[in-house]
Amino acid sequence: MSGTRKQMISDAFNKLDRTKDGEITVEDLKGVYKCNKHPKFLNGEYTEDDVFREFLKTFETPNDADGTVTKDEFLNYYSGVSASIDNDAYFVLMMKNAYNI
């Protein structure tokens with residue numbers, strides 16, 4: 001993976017890790033990640049914390065979800081995403097749009 005992609009992944013992680021402790025938690029996501037348009041939040045099935053927990057599960061190692069996402073887990077997830085995107089510029093655009101960076 002190129003240095004440009006690694007830097008974008010790091011920038012996104014750092015934005016989400018509001019406490020700067022090297023892990024993303026539900027508390028970190030509050031005020032950074034908006035869940036008000038999530039269908040299950042809109043229909044009342046999920047609370048804000050439920051949406052955040054589901055979001056965090058996306059990045060965690062299967063069968064080892066602990067409610068926190070480390071930088072390594074975040075990088076591993078985006079390494080897989082990166083492998084399916086040929087162009088660095090497109091990857092950067094996708095990350096900037098996804099994380100508003």
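Visitor: How many salt bridges does the structure hold?
Guide: Welcome! The structure holds six salt bridges, and please keep in mind that this is a predicted model.

Visitor: What makes the contact of Lys 30 and Glu 27 a salt bridge?
Guide: Their side chains come to 3.2 Å, N to O. The cut-off is within 4 Å, so the pair counts as a salt bridge.

Visitor: Why is Glu 27 called exposed?
Guide: Its relative accessibility is 53%. Exposed means over 50%, so Glu 27 qualifies. Lys 30, with a relative accessible area of 25%, is partly exposed, because that value lies between 20% and 50%.

Visitor: Which parts of the chain does the pair of Asp 49 and Lys 30 link?
Guide: Asp 49 and Lys 30 meet in a salt bridge at 3.3 Å, N to O. This pair links distant parts of the chain, with Asp 49 in helix α4 and Lys 30 in the loop between α2 and α3, 19 residues apart. Through shared partners, Glu 27, Lys 30 and Asp 49 join into one network.

Visitor: How do you know that Glu 45 and Lys 40 form a salt bridge?
Guide: Their closest N and O atoms are 3.9 Å apart. That is within 4 Å, so the pair meets the cut-off.

Visitor: Which residues of α5 are buried?
Guide: They are Glu 73, Phe 74, Tyr 78 and Ser 82. Their cover includes α1, β1, β2 and α6.

Terms used
Residues numbered from 1 in each chain as written. Predicted model: local features only at pLDDT ≥ 70, side-chain atom pairs only at ≥ 80, totals over all residues. Heavy atoms only, no water. Buried < 20%, exposed > 50% of the residue type's maximum accessible area, 1.4 Å probe, protein only. Helix = DSSP H or I, 4+ residues; strand = E, 2+ residues; numbered from the N terminus. Contact = heavy atoms within 4.5 Å.
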